[in-house]
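Student: I have a model open and want to understand how its parts are classified. Can we go through it?

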Amino acid sequence: MIGSSTNPTDTEVAATAALAGAEVVRARYGRLHSRIDKGSGDFATDADLAAEQAILDVIRAARPGDAVHGEEGGRQGAADAEREWLVDPLCGTLNYATGSQLVAVNVVLRNGSAAVADPFSGEVFLTDGETARVRTGVPGDERPLTPTADTRLVDVNLDPPFPSAPGFRAVDLLAHPGFVENFRPRVVSTTLALAWVAAGRRAAYVTDGGDLSGSVHFAAGIALCRAAGCVVTGIDGGPVGPGGSGGSGLVAAADAGTHELLMSMIGGRGRTG
C-alpha cells in the first residue's frame with residue numbers, strides 16, 4: 001500500500017488507487033443505486049461517483065502535481081501538467097446496476113503505468129509499461145501475466161455506436177462460419193475482458209470504435225495487453241494510438257495466429273503492431 005512507502009512508484013500509485021475504487025464498488029454492490037443520465041442510454045450511478053472520488057484522493061495525495069481525467073468528473077488539475085491519469089471508476093456500470101459482478105476499475109498514467117482491479121475477485125492486474133502481472137489478494141502472491149489462446153473464448157463488444165459499419169459489424173463477425181468453427185463468443189466488462197486476454201483467460205477481444213488508446217475505458221487494458229506480449233491493433237490491422245490509422249477500434253489477441261485468424265474474418269490484412 002502507498003501508506004507503507006514514502007516514494008511509491010507510479011505502478012504502486014495506480015494499483016492502490018484502483019483498489020481504493022474497487023473497495024467502494026464492492027461495498028455498495030447489491031444496493032438500489034441512484035442513476036445520473038448521461039444521454040443515449042448511458043448513465044452513471046452513485047457508486048461510479050464515489051469510486052472515482054476514492055481514486056482521486058489516492059492520486060492527489062501521491063502525485064499532487066499531476067492532472068487527472070475521470071470519466072465522471074472530467075479533467076482536473078493544472079492545465080499545464082505534464083502528466084495525466086485516466087480513470088474509469090466502474091467499467092461495466094450497466095452490469096453492476098443489474099446485479100452482475102462482471103466489472104472492473106481502471107487507473108492508468110497516460111503512456112505509463114496502469115492497473116485494473118476486479119472488485120469481486122480481489123485481483124489487481126498491473127503494468128509498469130514493460131512487464132505485466134497480477135496480484136491475487138493473497139499476501140505475496142504476484143505472478144506474471146501469460147497470454148494464451150487455449151480457451152478459444154473471444155469477447156466481442158456489441159454496444160453501439162458502430163462507426164465502421166457497413167465495413168465492419170461485430171454481429172457479422174459472430175455469424176462468420178470461421179468464427180463459429182474456431183471460437184466461442186463472450187461479452188463482459190471491456191477492461192475485464194482485456195485483462196483476461198493478458199492473463200490467458202480469453203483468446204481475444206474485439207470492438208469497433210475510434211482511437212481508443214487515450215480512452216478512460218480502454219487505455220489501462222491496452223497497456224496490460226501490450227506489456228504481456230499480446231498482439232494489439234485496430235480492426236483494420238493498423239497500429240493503435242498516435243501515429244496509428246485512427247478510428248479503427250481494437251483487436252487484442254493472445255498471439256499472432258489468433259490475431260491473423262480474426263483479421264481474416266474481419267477483412268483486414270492481419271498486420272501486427
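This is a predicted model: local features need pLDDT of at least 70, side-chain atom pairs count only at pLDDT 80 or more; totals for chains, interfaces and linings use all residues.

Tutor: Start with helix 1 (residues 10-27), which lies across strand 5 (84-91), strand 6 (104-109), strand 7 (114-117), strand 8 (124-127) and strand 9. Helix 1 runs at about 155 degrees to strand 6. Helix 2 (residues 46-62) also packs on the sheet, touching strand 3 (67-70), strand 4, strand 5 and strand 6. The direction of helix 2 makes about 150 degrees with that of strand 5.

Student: What makes strand 9 and strand 10 a pair?

Tutor: Pairing takes at least two bridges. Strand 9 (residues 132-135) is joined to strand 10 by 3 bridges, so the two count as paired. They run antiparallel, and R133 stands opposite P144 in strand 10.

Student: Why are strand 4 (74-76) and strand 10 (142-144) at the edges?

Tutor: The open sheet has 8 strands in the order 4-3-5-6-7-8-9-10, with mixed pairing. Strand 4 and strand 10 each have a single partner strand, so one side of each lacks a neighbour in the sheet. On average, neighbouring strands are turned by 15 degrees against each other, direction ignored.

Student: Which residues have the most contacts inside the largest nonpolar core?

Tutor: F125, L145, L224, C225, V232 and L250, in a core of 35 residues. Helix 7 (219-228) gives the largest share, 8 residues.

Student: How do you know that L145 is in contact with L224?

Tutor: Contact means heavy atoms within 4.5 Å, and L145 and L224 meet that cut-off. L145 also contacts others, including F125, V134 and A228.

Conventions
Residues are numbered from 1 along each chain as its sequence is written. Side-chain values use heavy atoms; hydrogens and water are left out. Helices (H or I, at least four residues) and strands (E, at least two) are DSSP runs, numbered from the N terminus. Axes are lines fitted to C-alpha atoms, for helices over the stretch in contact, and angles run from 0 to 180 degrees between N-to-C directions. A nonpolar core is a set of buried Ala, Val, Leu, Ile, Met, Phe, Trp, Tyr and Cys residues joined through side-chain atoms within 4.5 Å. Buried means under 20% relative accessible area, exposed over 50%, partly exposed in between (1.4 Å probe, protein chains only). Lists of a residue's contacts leave out its neighbours within four places in sequence.
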